Each structure stands twice: as C-alpha cells, then as structure tokens.
Amino acid sequence: MPTAPRICPLCEATCGLTLTLDGTRVTGVRGDRDDVFSRGFICPKGASFGELDADPDRLRGPLVRGEDGVLREAAWEEAFDVIARRLPPLVERHGADAVGVVLGNPNVHTMAGALYPPLLLGALRTRNLFTASTLDQMPKHVSSGLLFGDAFAIPVPDLDRTAHLLVIGANPLDSNGSLCTAPDFPGKLKALRRRGGTLTVVDPRRTRTARLADRHVAIRPGTDALLLAALAHVLYEEGLTDLGTLAGHVQGVEEVEAAVRDFTPEAVAGACDVDAGTIRELARELAAAPAAAVYGRVGGSTVAYGTLTNWLVDVLNVLTGNLDRPGGAMFPLSATAPAPRPAGPGKGFALGRWTSRVSGHPEAKGELPTAALAEEIETPGEGRIRALVSIAANPVLSAPDGDRLDRALGALDFMVSVDPYLNETSRHADVVLPPPPPAQTAHFDFAFNGFAVRNQVRHTPAPVPLEPGRMDECEIHARLILAVTGTRDADPSAVDDMTIARTLARAVTEPHSPAYGQDPEEYAARLTGRTGAERRLDLMLRLGPYGLTLDRLREHPHGIDLGPLEPRLPQVLKTRSGRVELLPDPIAADLPRLRAAQAAPEDALVLVGRRHLRSNNSWMHNVPTLNSGTNICTLQVHPDDADRLGLTDGAPARVKADGGELTVPVEVTDSVRPGVVSIPHGWGHDRPGTRMAVAAGRPGVNVNQLLDGTRLDPLSGTAVLNGFPVHVSALH
C-alpha cells in the first residue's frame, strides 16, 4: 500500500509520521525513521492518528441554527451568508468590542490557526481577545517580554548538550514537552543520564519524569517561586554567580541581589516543605555544572506566582551564565522568523495597555484573562460582548467555572465556532464551521519551530485529497474574514494576496531584509504554491534567516536539518535598553506579595492537575484507544491522607473549593505527596447537546468547576489552576 509523510499535529513534539493509505483512508501509522528531527519516535497519540482522522463524530459539513433553535446541516455558502448577514450589523450597532474572540490550543497545531487569526483580529478591531495562553503559558510570555523585550523570545533547554537539567513543574514524559519542542523527550533525558549528566525534578507528584530523575524534590504546590528565589539567594550569598559572556548584556544584577536577600533557604523551607540544606545543594549543583538549564512549565505557570516563577527560571539561567550558551537555555531560530535585525535597543514590552471592562484586568500580550470571559458577556452596559468567534476552543471545560460560562454562552446574540466537533462550547454556536481531518490538511509548524531544541524545518502536504463537501481549513478562515468584514463576495485568495503585498511593502524598505530594495510585484511573482497559504509560507521562508524556499523544502519530504542552537542573544533583545533587564519594574512591584508567602502555609489539602500521555487537554477523549487504560479521571490521594479522611480506593469522594464541588472516584497512590490531591485537566464530557459519543460514555469531571475565576496571577491574568486549597470528604 502507498505511504505518505505527515507531521503529527497532536502535541508539541511535532514528530514525523509515515501514514499507510488505502485510498483516502489511513490504515497504519508508524514513526518516520527518516525525519530529520524525530528520527522515528512515536507516542500513543501519534499512533492513533488514523483513528482520530476517521472519527465518525467529526462534523463533515457546516451546521447552522434554525429559527427553531436547532442546529442543522447546511451548505458552506449558507453558513458564510448567515455570518455576513448577522455579525457586521451587530458590530455597526454596538461597536467593535461587542465581539469577543476565543482561540484554543489546537490553533498552534495547524497552518490555518497560525496564519489567519491575526488577520481576523485586525478585521474585527476588537480588544476582547481570550486565548488558551491565560490558562497555560502566559506567565512565560510576560516574563520573557519584560526580560528580553519580546514575549516570544522564550529560551529552551539545550537538551542534547546540557550536563544538568533542573525541571520545575513539568512532566515531559507524559506531555512530550511544552514550550520546548523535542521529539523523544524521554530518550533525550535518558541520554543526559547516560553521559553523566544530572536530572533534578521539582514536582509535588512523583511523575514518570520524576521517577527518571537523579533527585526528586516533592515541593508543596504553588511555592516554586519561593524555592527559586532561595536558589538565587544562595548563588549571591556564596559567591556562585558567574555571568560569563553575558556580563555585557545584562543590567540589574545588583538589584536582583537586593530583591532576593530576604529569601533565605531557612525562610522559605517551611512554606515549600523543602529543607534548607537541600535548597543549598540544588544551588551549588546548578552553579558547579559545566552547562546547565532550568526549565519550568505548566505547574509553575498556572499558580498564584506564575510570572515570578518564570522570571526566576531565567534569572537563574542568567546568574549561572547558562543563558544563550550551548548546553544551557538557548533561543531557537525558526526558518520563518524574520531575518535577524542588527543588535540594539528595541521598543520593549508593555503590560496593561488596556483593561477588561468589568473587573479591570490588565491586558497581557494583547489578551485578556479567559477567566473573565463569562462576566464580559453577562454584565450589561456599553462594550458588553454580544457575539463570539470561537476557533478550536473549548473554554467551558478549560476555563474556571464552566457552568457560569456555559450559561453566558447561551445568552449571546450570535456565535460562530470553527471546530471539528460539536463539543461543550461549540454546541452554543449559531454557525459551526468544521475543518477537515488532519490527513486532508497540509502542515507546517509556524509556532513550535520557534521553541525547538534543534533548528530544523519541515513541511508535509496533505497526504490525501479533500473529500467532496469538505473545505480546506485555510479557506474556511479566509472566508470567515471576508464574511465578518462584509466583503462576502470577494475571492478568498484576496486575503492572502493583500497580506503578501503588505509584508513585501515593509520588507523592501528594511535594510536587513533579503527583499530590501527590490520591486514588490516582481518579488511576489516569484512566489510558488497552489494556495494563498502556501504562497505566504514561501514568502516567509524567503524572507527568513536561512533564505529557503517552499520548492526547496518540498525536495526534502523528511525535513532539512539546520543545525544545533547557536548563541544569538544580542539579536534577540528588543528591550529599550538593548540589554537583559533583570529586574523589570512590574516584577519588583510584585515581589512583596511573594515575600508574604513565606509565612506558615494553610493547613489544608492542595489540588494540582495532571497530564495523561494519551490526551492533550480535552481534544482526544473521543478516540477509543486514547480514552482507555490508565487515562482515567480520578482523584489521586496519598495513603496517609486517605486513611485520615476515610477515603477508599475506587469509592467516590466529594471535593469542594471556591467555585463548587465535584464527586470523583478515589485513587489511593503514593505518587502524590501528603497534603496534595490531583485531578486531571480536560474532562467533564457530560453536558447535553454534544456529539462526542466516546467521550460522553466516559465523561469524568471538570476539575476547573472547583474554581470561580477570581484566583489569577496578577501580572499575566493566568488562572490559578494548580496549588489551590480544597476540602475532600468521603461520600457515603
């Protein structure tokens, strides 16, 4: 049978797959041994590609809500006509901010999701943007923006060359990595151990990653920033700081020393439940390593001090001289990144350029907290969100207090959802636009190549043609943009042509650009590609740092290796000073809140989430092979806590917190430390009106329903989904 390569779109590892095809059906999947990045690695998610691709519950065509309130199948033209007829008049009556836009995590896994939402936002001119970032990684964007002047300048651990990796709140053996694109993350950690390196994991759970580590520090949830501040304190106190080649590129080193002076190991030990001696050993080991990297992820982001935690991760990388050096934390260079500019001062990064209407939450990176979406819909007054465009998002499950948001979505005047499923959120839409299955879609990783642990570039065309009645995802987005702007009759290629023209108009005037001084029309005429999206990709490759083209990329179906990460800090920095600003004012202003957290902690159980290897948030619970085995929704409880509370393995328990309560089966296990309980994220598939039979048959509970949305990291607006107190009791 014929085979075809396809980059896996199901998590951040971006592994290369080899699909076996029977006509338009995927009958087999294996890892692509010739892929320049993943070298044949595959995980259970990738292995299920064919089953997910053929899921009978995937919508095959648009749905439109009739006058009777019932969603029915419709033609594509009718669906876009409804949007064009209803959305522009609403904006005209109530203003641009009457429309909210919600972008979910799957957007960054598709070409369409990377290329078109910025154009949609430009067309709508709304400030009401909500994304999965404020439920996940926004603290890293904010800390990077403040430190380096660019919210997307996120250093990643150089896994293949490091000698010491300190992991904070991450479980890459189950997540496959996050903000660190690394196929076969387990193999890379094992290789680190084989070459004599050290792996230290700080996590309240003994995860699969923690079990692999040389040292596992079972910290009290939510106190990562205290531990990291104490590590910085020890580096200063014992004279272990050494910026090396960074010295001329950093300002604020002395100010940070003063800022962490109170965070002694002895002062934070009680709150962290980590003894002072261990903290000092961690700092000394980090400083002594020939090359080291500190890497933090969701467990250190979705907590009360998420931005401070992420800031301190890179403070430690700077103080030990490990930022921007081989084996440390380095900045990838994507093939579609703009050509490097000359080093020098930039525009910097600002927070709070506007605020949300109801609670006054400051924007971060142009976004408002997703936890505030419900109140922005419910609260009357000028600027109330009356219409919503939701793209690959399911905030009813992923955001705090899904019940409230569920009710709020039902009160909208109009809603559009771009989603392959009728799920807990899209069931509220007046128009649902389903993209085709991934086997019928071309792929390029615009986002994740910017976080990759090795520079490389890969593109895979759609392995099989579009089925009759389906529409390419890029065309769906382009037509949506035309519909919301009232230019419904225009050719969708006009969206891409206009974008190319605007990009070239800037590029030919910038001396560092490969297109500098050339005629824009002649340059555009050289672009190749069957679709507007492909022509845009070709343009980005040509204007990028490696001078590639789409034609050249097509000649290498398994990708082009562009080499290991290289030091390039001066080109990365966009701060106003042109240096790493180690103690930005917003960070300094938030440190008193962290100092207060050194007090004795509450004597209460604390809840954390967890990730399963077989799922990515709520995406994959409708695939039978992924919604099986150990991929179950339980309350993990330590045996000591189970005995104290009278909890029995397999029996139900009641969990209460700020936003409500849940009933969930107990799993007694010593993989969580005493005082901590855990429920996985992304479950709760029990709402009526969805069409996801497998997920509904094993629904689990929505852990975010325990939250009312008031617990946020103040700098980033990120919801506190981990490290919050709960009350647990046996249900008799």
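Student: What volume does the second largest pocket have?
Tutor: About 500 Å³. Keep in mind that this is a predicted model.

Student: How many residues line that pocket, and which lie nearest its centre?
Tutor: The lining of the second largest pocket has 22 residues. Nearest the centre are Pro221, Thr223, Tyr305, Glu602 and Gly723.

Student: How does the lining divide into nonpolar, polar and charged?
Tutor: For the second largest pocket, 15 lining residues are nonpolar, four are polar and three are charged.

Student: OK, helices now. At what angle do the axes of α3 and α19 cross?
Tutor: Roughly 35 degrees. The axes come within 8 Å. Helix α3 covers residues 76-94, and helix α19 covers residues 473-484.

Student: Is that crossing left-handed or right-handed?
Tutor: Right-handed, as α3 passes α19.

Student: Which residues make the contact?
Tutor: From α3, they are Trp76, Glu77, Phe80, Ile83, Ala84, Leu87 and Pro88. From α19, they are Ile476, Arg479, Leu480, Ala483 and Val484.

Student: And how many of those are nonpolar, polar or charged?
Tutor: The contact of α3 with α19 has 10 nonpolar residues, two charged and no polar ones.

Student: New topic, rings. How many aromatic pairs are there?
Tutor: The count comes to four aromatic pairs. One of them joins Phe148 and Phe331.

Student: What geometry do Phe148 and Phe331 have?
Tutor: Edge-to-face. Their rings sit 5.3 Å centre to centre, with 90 degrees between the planes.

Student: Where in the chain are Phe148 and Phe331?
Tutor: In distant parts, 183 residues apart. Phe148 is in helix α6 (residues 138-148). Phe331 is in the loop between β14 (329-330) and α16 (373-378).

Notes. Residues are numbered from 1 along each chain as its sequence is written. This is a predicted model: local features need pLDDT of at least 70, side-chain atom pairs count only at pLDDT 80 or more; totals for chains, interfaces and linings use all residues. Side-chain values use heavy atoms; hydrogens and water are left out. Axes are lines fitted to C-alpha atoms, for helices over the stretch in contact, and angles run from 0 to 180 degrees between N-to-C directions. Helices (H or I, at least four residues) and strands (E, at least two) are DSSP runs, numbered from the N terminus. A crossing is left-handed if the near helix is turned anticlockwise from the far one by less than a right angle, and right-handed if clockwise. Contact means heavy atoms within 4.5 Å. Ala, Val, Leu, Ile, Met, Phe, Trp, Tyr, Cys and Pro count as nonpolar, Asp, Glu, Lys and Arg as charged, and the others, Gly among them, as polar. On a 1 Å grid over the protein atoms alone, a cavity is a set of points where a 1.4 Å probe fits but cannot get out, and a pocket is an open set with protein on both sides within 12 Å along at least five of seven lines; lining residues have an atom within 4 Å of a point. Grid points are joined across faces, edges and corners, and a volume is the space filled by probe spheres set on the points. Rings of Phe, Tyr and Trp (its six-membered ring) pair if their centres lie within 6.5 Å; planes under 30 degrees apart count as stacked, over 60 as edge-to-face and the rest as tilted.
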